[in-house]
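Please keep the sequence and the structure open while reading.

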Amino acid sequence: MQSDKPEPTEANGAEGPGTSGAEEKALSKAIAAEATKPKGISAVAVLWTFGKCLSALLPVYLAGYYRVSTSLLVCGMMVYTGWKHAREAKEERLRSAMQLLDNDEEYTSMKASKSIRRDLPAWVNFPDVEKVEWLNKVLQQVWPFVGQYLEKLLIETIAPSIRGSSAHLQTLSFTKVDMGDKAMKVVGIKAHTENNKGQVLLDLYISYVGNVEINVEVKRYFCKAGVKGIQLHGMMRVILEPLIGDVPIVGAVTMFFIRRPKLDINWTGLTNLLDIPGLNVMSDSMIMDAIASFLVLPNRLVVPLVPDLHVAQLRCPLPRGVVRIHLLEAQNLEAKDNYVKGVMAGLSDPYAILRVGPQTFTSKHIDNTDCPKWGEMYEVIVHEVPGQELEVEVYDKDTDKDDFLGRTKLDLGIVKKSIAVDDWFTLKDTSSGRVHFRLEWLALQPNTEQLEQVLKRNESVSSKNSNSPSSAILVLYLDKAEALPMKKGNKEPNPMVQISVQGTTRDSKTCYTTINPEWEEAFTFFIQDPRSQDISIQVKDADRVQTLGSLSIPLSRVLETSHLSLDQWFQLENSGTASRIYINAVLRVLWLDEDHISAEVSSNLEAGFSKQLAKQASPHPSFATEGLLRIHLLAGQNLVPKDNLMGGMVKGKSDPYVKINIGGETFTSQVIKGNLNPTWNEMYEVILTQLPGQELHVEVFDKDMDMKDDFMGRLKISLKDIIGSQYTDQ
């Protein structure tokens, strides 16, 4: 018995569950009719255009024939032009309103795609980021009590600290602290499960637009200033550790931003505040930078929940590792040095700026070349992976303002996973150029078994910027001191500490008017050869003139310990008989595990870079795992011109964009203006389901502002073909 259901053909493919045979035939006829439309300009269209031109010239001819006044003719034309303009504006408003009404769903999708490019909400970007509306309801409920806590913190803790920091601010006080009724919102949350099992690691995508009102007064200078409104947007990492077997289960909560958040503060009376001596060298932007950087790694806010915790080690834990960056060369950089007012094209004098969090390095500039060879080496401390990124910007050195030549970035979690990465990376936001890097992940070893091997290997590492490779890092936890000597006149000192290792000196914060200071800070130093280095510690008064005590610790003492760590009280020299300081010195050997370097170290890294820059907030390396389809929208060629001029007599171009639909998800690309061979370089990811017969639907449109977008073509790809090949590039 023959089935009534038509067999699928190569032309129409397999039928979907809700498509009839008649509809398929009608669609095929429509496509065939469109394909057989005659191309070019018809004779009727030419004659019609010619007739319209004659009609426009006829009033001019008649006015001259009947000797009508020219001023009357001009006045009539002005009236007609004004009427026509008003009518066209009215029609355009009506068309826009009808289009918005008829395509409400399409409009909503377009707005959602724009919000994706603005990074918020994060759960729209990445499926592993979850919505937490229940948490926002809890925050709204407890926000008044959070305000009470912050008011107490400002008045009882922060204000005394500010008053003690400067003689000019001894009369400072907070006259009003109101955190408002608008609570912070968490627009998405991601839980990491691949890290240490002794901690809970969360990424909170927060958005805070608060009606805060804080007023401050410095009575000595009759100065009043304050804050009226704060906006804060960014991704905050929250670490719950250590996990303990007793209530409250979590020992402390650590919070920080991996990347600088977007911070906007509405100041009131700021100019008055900046007139105070000691603050008059600052500006609005400097204050904003200082506040924002305080929230970003390596700075951390630690809230202990149980007593007797080593807060300094929670605030400054051991780094995750070290990345050795070899900036090798670049190719095909854009030429910026032009001569004779741009008539003769020159080259550039390129240099690169590398950033990992607050760590910044600038290469030397190479004169008059578009293919510089730097051959420089840098070492950066990585506190958090995934999350921290290497950001690279290339500039052309000029006597006035340096010209921008492009940028790129890479999540350092990729380097940790690959151990070594050696590849060319295309520069973005420029017409051409790429940079060659070799990046190596150096793990931290708590023993000296590989130290000799590391020292020998480092002898073969060369660098043109005279940076010798390090064999170890030293993390020095400066905890506290006791019974420091008094200043002259029997006054309590304002102690601070200067720590010097291998020619590098770091200063601690200042503790005011005390002989028992508590610094609780950590400092990290790169060590070339720990066998021949010492730690020099100087405890001084804040004026840097009077020394309150000193100490020298050879690193060889640390090498002799079992876990490369000294955690104890040290007696201070040149100080009081009972003066001592508590220090924890931790040494770690930097080990490049060459045996586990992947054979395909840098495969598909270019695609990964394009993905990171197509989206302003990059997903973590663990994002695109099993069950996800990654779609790279690269480019189009020979598209149909839809924007015609002069009634079709002159062919224009198009403003193409792409709509991709799969599994109920719709993605809309950016619009490329005036181009029949557009390049998008965008990436989308969607969760795959097990439903049979799924297809990837791609449609191309020409963007129009005053009418419905023109259709330019479509295609379908069966998921069966994609899954069978694992990778499709066409």
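## A lysine in a loop

Where does Lys-509 lie? Lys-509 is found in the loop that runs between strand 18 (504-507) and strand 19 (518-527), where strands are DSSP runs (E, at least two residues) numbered from the N terminus. The model is predicted, so that local features need pLDDT of at least 70 and side-chain atom pairs count only at pLDDT 80 or more, while totals for chains, interfaces and linings use all residues. Residues are numbered from 1 along each chain as its sequence is written, and side-chain values use heavy atoms, with hydrogens and water left out.

With a relative accessibility of 42%, Lys-509 counts as partly exposed, a class that lies between buried (under 20% relative accessible area) and exposed (over 50%), using a 1.4 Å probe and protein chains only. Once its neighbours within four places in sequence are set aside, Lys-509 is in contact with Pro-495, Met-496, Glu-518, Trp-519 and Glu-521, contact meaning heavy atoms within 4.5 Å. The C-alpha atoms of Lys-509 and Ala-542 are separated by 9.3 Å, although these residues are 33 residues apart along the chain.

## A hairpin and an open sheet

Strand 20 (residues 534-541) pairs with strand 21 (residues 547-554) in the antiparallel sense over seven bridges; two strands are said to pair if DSSP finds at least two bridges between them. Gln-538 has Ser-550 in strand 21 as its bridge partner. The hairpin of strand 20 and strand 21 has five residues between the strands, and within this hairpin Arg-544 takes a positive phi near 65°.

Elsewhere, an open sheet is formed by four strands in the order 26-25-28-29, with antiparallel pairing. Strand 26 (665-668) and strand 29 (710-718) stand at the edges, and because each has a single partner strand, one side of each is left without a neighbour in the sheet. Neighbouring strands of this sheet are turned by 15° against each other on average, direction ignored, the axes being lines fitted to C-alpha atoms and angles running from 0 to 180 degrees between N-to-C directions. Strand 28 (residues 695-702) pairs with strand 29 in the antiparallel sense over eight bridges, and Phe-701 stands opposite Phe-711 in strand 29.

## Aromatic rings and charges

How many aromatic pairs are counted? The count comes to eight aromatic pairs, where rings of Phe, Tyr and Trp (its six-membered ring) pair if their centres lie within 6.5 Å, and planes under 30 degrees apart count as stacked, over 60 as edge-to-face and the rest as tilted. Tyr-395 and Phe-404 form an edge-to-face pair, because their ring centres are 5.7 Å apart and their planes stand at 70°. Tyr-395 is buried at 17% relative accessibility, whereas Phe-404 is partly exposed at 25%. Ring pairs also link Tyr-351, Tyr-395 and Phe-404 into a cluster.

The charged end of Arg-580 sits over the ring of Trp-569, 3.9 Å from its centre, and that of Arg-300 sits over the ring of Phe-256, 4.5 Å from its centre; this requires NZ of Lys or CZ of Arg within 6 Å of the ring centre and within 35 degrees of the ring normal. Trp-569 counts as partly exposed at 26% relative accessibility.

## Cysteines

A search of the whole structure finds zero disulfides, a disulfide being a pair of cysteine sulfur atoms within 2.5 Å. Cys-223 counts as buried at 4% relative accessibility, and Cys-511 is likewise buried, with a relative accessible area of 12%.
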